[in-house]
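Please look over the structure shown below, and then follow the questions and answers about its helix packing and some of its individual residues.

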Amino acid sequence: MLSSEDVKDDLDDFIYQAAGHQYINGFRTFLKCNDGTLLKIFQDGNRGHREMEFYSEIFSANHDSDQTASALRHFMPTYFGTVTIKNDKNSQPYMKISDVTSKFKRPCVIDLKIGRRTYDPLATEAKRARAVDKYPLQDQIGFRIDGMKVYNSDTGNYDDYDKIFGRKLDDDTIVNGLSLFYPKEEGWKISLIDNTILRLQALLQWFNSQSRWLFFSSSLLIVYDSDKDSSNEVDIKLVDFTHTYESAVVMNDTNANCTDNNTIYGLNSLLKKLNELKVRC
Ligand SMILES: Nc1ncnc2c1ncn2[C@@H]1O[C@H](COP(=O)(O)OP(=O)(O)O)[C@@H](O)[C@H]1O
Ligand SMILES: [Mg+2]
């Protein structure tokens, strides 16, 4: 367990956040440490606690020899424990996790909310209706663009695309949305799309091999370096585990098939759209 003393003097604003909340209870949702890690705030209610429990379970030393848990570590930020930050009035718990953007000179980031349904099995009817209403096409497409930060080589600045941009895209135009994430230059673009596809296929393989956890409303972060002199590496990580559950906990029927078909559908759909984009290049 870490303490706030470990980090107090080294905190900065995090400038590569593509989506999500900015502040909760007057505290910044993300803070950048100078050691390649971020602090992510505990969200209200059970959500922050659920996310922390999932991180600590996957990164528990007890699971070092557990193939399913340890294989997932490659597709998540690394977890280092919890930290408490204090302001004048309150204390706020945070999780310390690795910053997926830190190894890139000029990172471009897309946040894709993945799965046909973004509400969890415990959600009330009203909550389900609100979730569907945000993006009725989620069930058909299986993912949506929740935000992007893309370096624009013409202006030398970052272009920001928010969740409203993503919600305007439909089954045809979502490929145009994905296209905006990649650079214009054809060879470079194809190579980055190929690397995205390879890594997505590896993640899909993990999902096809497990039935222990169900993910609702998680995001896929895809990151590459827009600095030309850097490699064409594409990193893909799952983030946001505020609605991740052990399937045994949420499925009452012990004989139920607990494969996470919700997420698998989304990953397959994303792969299909990326292949369409490649053909168009
Ligand atoms: N480990 C990480 N490394 C880099 N960026 C991250 C990381 N975790 C989250 N982010 C950034 O913050 C955004 C919101 O993250 P998320 O965990 O989904 O928070 P929220 O619960 O507010 O939706 C993501 O879109 C991403 O840009
Ligand atoms: Mg999120």
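Q: At roughly what angle do the axes of helix H6 and H9 cross?
A: This is a predicted model, in which local features need pLDDT of at least 70, side-chain atom pairs count only at pLDDT 80 or more, and totals for chains, interfaces and linings use all residues. Residues are numbered from 1 along each chain as its sequence is written, chains are lettered from A and ligands numbered from 1 in the order in which they are written, and side-chain values use heavy atoms, with hydrogens and water left out. Helices (H or I, at least four residues) and strands (E, at least two) are DSSP runs numbered from the N terminus, and axes are lines fitted to C-alpha atoms, for helices over the stretch in contact, with angles from 0 to 180 degrees between N-to-C directions. The axes of H6 (residues 174-181) and H9 come within 10 Å, and they cross at roughly 70°.

Q: How are H6 and H9 oriented to each other?
A: Angles under 35 degrees count as roughly parallel, over 145 as roughly antiparallel, 65 to 115 as roughly perpendicular and the rest as oblique. With a crossing of roughly 70°, H6 and H9 are therefore roughly perpendicular.

Q: Which residues in H9 does H6 meet?
A: Contact means heavy atoms within 4.5 Å. From H6, Ile174, Val175, Asn176, Leu178 and Ser179 take part, and their partners in H9 are Leu270, Lys273, Leu274, Glu276, Leu277 and Arg280.

Q: How many nonpolar, polar and charged residues has the contact of H6 with H9?
A: Ala, Val, Leu, Ile, Met, Phe, Trp, Tyr, Cys and Pro count as nonpolar, Asp, Glu, Lys and Arg as charged, and the others, Gly among them, as polar. On that basis the contact of H6 with H9 has 6 nonpolar, 2 polar and 3 charged residues.

Q: What is the orientation of H7 to H9?
A: Helix H7 (residues 186-209) packs against helix H9 (residues 261-280) with the axes 10 Å apart and at an angle of about 160°. That angle makes H7, relative to H9, roughly antiparallel.

Q: How many nonpolar, polar and charged residues has the contact of H7 with H9?
A: The residues of H7 that meet H9 include Ile190, Ile193, Leu200 and Phe207, and those of H9 include Ile264, Leu267, Leu271 and Leu274. By class, the contact of H7 with H9 has 13 nonpolar, 6 polar and 3 charged residues.

Q: How far apart are the end C-alpha atoms of H9?
A: The expected span of a helix is 1.5 Å times one less than its number of residues. The 20 residues of H9 should therefore span 28 Å, and this agrees with the distance between its end C-alpha atoms, which is 29 Å.

Q: Is alanine 69 buried or exposed?
A: Buried means under 20% relative accessible area, exposed over 50%, and partly exposed in between (1.4 Å probe, protein chains only). Alanine 69 is found in helix H2 (residues 67-72), where it touches Ile58, His63, Arg212 and Trp213, not counting residues up to four places away in sequence. At 0% relative accessibility, alanine 69 counts as buried.

Q: What is the phi of aspartate 240?
A: Aspartate 240 is found in the loop between strand S13 (234-239) and strand S14 (244-246), and at 18% relative accessibility it counts as buried. Although aspartate 240 is not a glycine, its phi is positive, at about 70°.
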